[in-house]
Amino acid sequence: MRKYISIFILIAFLGYGLIRICVGCALLGQEIGLLDIKAFHEPINDIAGFLAKSSNRQILSVSVAGYVSYIALMGLVLAIGAIGSLKNQKYGLSLIGAFLAMYSLLFLNFQTINPKVIHLAVCAVLFGALLWLKLAPTKAA
């Protein structure tokens with residue numbers, strides 16, 4: 001049963017990573033002029049507004065292109081980690097942990113807490129469960 005729960009969590013992480021990759025790359029394409037999709041105008045403006053509003057609190061200043069690139073990179077790290085963990089590779093769990101660290105660094109850099117912290121908290125709980133499922137010793141029959 002532990003194996004199936006682990007697989008479910010890893011597939012959820014993989015899906016979340018793929019979404020972050022796709023959204024990050026699409027928004028980056030919009031920002032640098034490769035795409036012009038009306039639906040992306042508002043998110044780009046929202047990100048630009050957030051970055052401008054928080055510019056005096058940022059530890060490292062970032063542009064819209066830098067921010068959405070970081071989002072895509074986080075997704076790539078998570079997706080590779082999920083795939084690696086599905087294949088029982090040692091780097092899998094480490095990369096998922098790196099994703100959580102990268103996500104935490106966003107909040108630290110902008111020195112703000114917003115509703116997206118719920119995503120981080122859910123990912124952290126799932127990661128904790130995954131660690132327990134994969135690393136805790138099983139009872140011998």
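This is a predicted model: local features need pLDDT of at least 70, side-chain atom pairs count only at pLDDT 80 or more; totals for chains, interfaces and linings use all residues.
Student: Why are helix 2 and helix 3 called roughly perpendicular to each other?

Tutor: The axes of helix 2 (residues 38-53) and helix 3 (residues 64-86) cross at roughly 110 degrees. The range for roughly perpendicular is 65 to 115 degrees, and helix 2 and helix 3 are therefore placed in that class. Their axes come within 10 Å.

Student: Which residues of helix 2 and helix 3 meet, and what is the make-up of the contact by class?

Tutor: Helix 2 contributes Ile-44, Ile-47, Ala-48 and Leu-51, while helix 3 contributes Val-64, Tyr-67 and Val-68. By class, this contact has 7 nonpolar residues, with no polar and no charged ones.

Student: What makes helix 4 and helix 5 roughly antiparallel?

Tutor: Helix 4 (residues 90-110) and helix 5 (residues 117-135) pack at an angle of about 160 degrees. Angles over 145 degrees count as roughly antiparallel, so the pair is described as roughly antiparallel. The axes lie 11 Å apart, and helix 4 passes helix 5 in a left-handed crossing.

Student: Which residues make the contact between helix 4 and helix 5?

Tutor: On helix 4 they are Leu-93, Ile-96, Gly-97, Phe-99, Leu-100, Tyr-103, Ser-104 and Phe-107. On helix 5 they include Val-117, His-119, Leu-120, Cys-123, Ala-124, Phe-127 and Lys-134. The class count for this contact is 14 nonpolar, 3 polar and 1 charged. Gly counts as polar, so Gly-97 of helix 4 falls in the polar class.

Student: Why are helix 1 and helix 4 called oblique to each other?

Tutor: Their axes cross at roughly 50 degrees. Roughly parallel requires an angle under 35 degrees and roughly perpendicular one of 65 to 115 degrees; helix 1 and helix 4 are therefore oblique. Their axes come within 12 Å, and the crossing of helix 1 past helix 4 is left-handed.

Student: Which residues of helix 1 and helix 4 meet?

Tutor: Leu-10, Phe-13, Tyr-16 and Arg-20 of helix 1 meet Ile-96, Phe-99 and Tyr-103 of helix 4. By class, the contact has 6 nonpolar, no polar and 1 charged residues. Ile-96, Phe-99 and Tyr-103 of helix 4 also belong to the contact with helix 5.

Student: How do you know that the span of helix 1 agrees with its number of residues?

Tutor: Helix 1 (residues 2-31) has 30 residues, which at 1.5 Å a residue should span 44 Å. The end C-alpha atoms of helix 1 are 43 Å apart, and the values therefore agree. Just after helix 1, Gly-33 adopts a positive phi of about 90 degrees.

Terms used. Residues are numbered from 1 along each chain as its sequence is written. Side-chain values use heavy atoms; hydrogens and water are left out. Axes are lines fitted to C-alpha atoms, for helices over the stretch in contact, and angles run from 0 to 180 degrees between N-to-C directions. Helices (H or I, at least four residues) and strands (E, at least two) are DSSP runs, numbered from the N terminus. A crossing is left-handed if the near helix is turned anticlockwise from the far one by less than a right angle, and right-handed if clockwise. Contact means heavy atoms within 4.5 Å. The expected span of a helix is 1.5 Å times one less than its number of residues.
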